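Please find some notes on the model below.

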Amino acid sequence: QTRVENEDSINELGQFDVITSRAFASLTDFVNASKPYMHEQSIIASMKGLIPEEEVAALKDEFSCQIIELKVPHLDEQRHLLLLKRI
C-alpha cells in the first residue's frame with residue numbers, strides 16, 4: 001500500500017498486477033502516475049461517481065476500459081468501477 005505519486009517507491013516496489021484508486025484527482029492523472037508500476041498485463045481499477053467520458057476518451061488509444069455500474073446500499077448516487085488495461 002502506497003501512493004502512486006511517491007516516486008521514491010518505484011524502484012523499491014516494482015510492478016503490480018492490479019493498481020487501485022479511490023477518489024484520485026482525474027483518471028488520466030492516475031493512469032500517468034501508475035505507469036511506472038505497470039507491466040504489460042496490469043489492470044487499473046478506478047472508483048468513480050459519474051462516468052468520466054472525456055477522460056476515458058483521452059485514454060482510448062492506449063487503454064481499453066470496462067465500466068461496471070455499482071449499486072451501493074442506502075446511497076442514491078451513481079458509482080462506477082472502471083477497469084483499464086493496455087491495448
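Is Lys60 buried or exposed? Lys60 is exposed, at a relative accessible area of 53%. The model is a predicted one, and the points below should be read with that in mind.

1. Lys60 forms a salt bridge with Asp61, with an N to O distance of 3.6 Å. Asp61 is exposed as well, its relative accessible area being 69%.

2. The salt bridges number five. In one of them, Glu62 and Lys35 bring their closest N and O atoms to 3.1 Å. This pair connects distant parts of the chain, 27 residues apart: Glu62 sits in the loop between α3 (53-59) and β3, and Lys35 in the loop between α2 and β2. Glu62 is partly exposed at 33% relative accessible area, and Lys35 is partly exposed at 25%.

3. A further salt bridge joins Glu55 to Lys48, at 3.9 Å from N to O. Lys48 is buried, with a relative accessible area of 13%, whereas Glu55 is partly exposed at 23%.

4. Four strands make up an open sheet with mixed pairing, in the order β1-β2-β4-β3. At its edges are β1 (16-22) and β3 (63-70), each of which pairs on one side only.

5. Six bridges hold β1 parallel to β2 (residues 38-48). Thr20 is opposite Ala45 in β2.

6. Helix α2 (residues 27-34) lies across β1, β2, β3 and β4 (79-86), and runs at about 150 degrees to β2. Ile19, a residue of β1, is buried at 7% relative accessible area.

Key. Residues numbered from 1 in each chain as written. Predicted model: local features only at pLDDT ≥ 70, side-chain atom pairs only at ≥ 80, totals over all residues. Heavy atoms only, no water. Pairing = 2+ DSSP bridges. Helix = DSSP H or I, 4+ residues; strand = E, 2+ residues; numbered from the N terminus. Contact = heavy atoms within 4.5 Å. Axes fitted to C-alpha atoms, helices over the stretch in contact; angles between N-to-C directions. Buried < 20%, exposed > 50% of the residue type's maximum accessible area, 1.4 Å probe, protein only. Salt bridge = Lys/Arg side-chain N within 4 Å of Asp/Glu carboxyl O.
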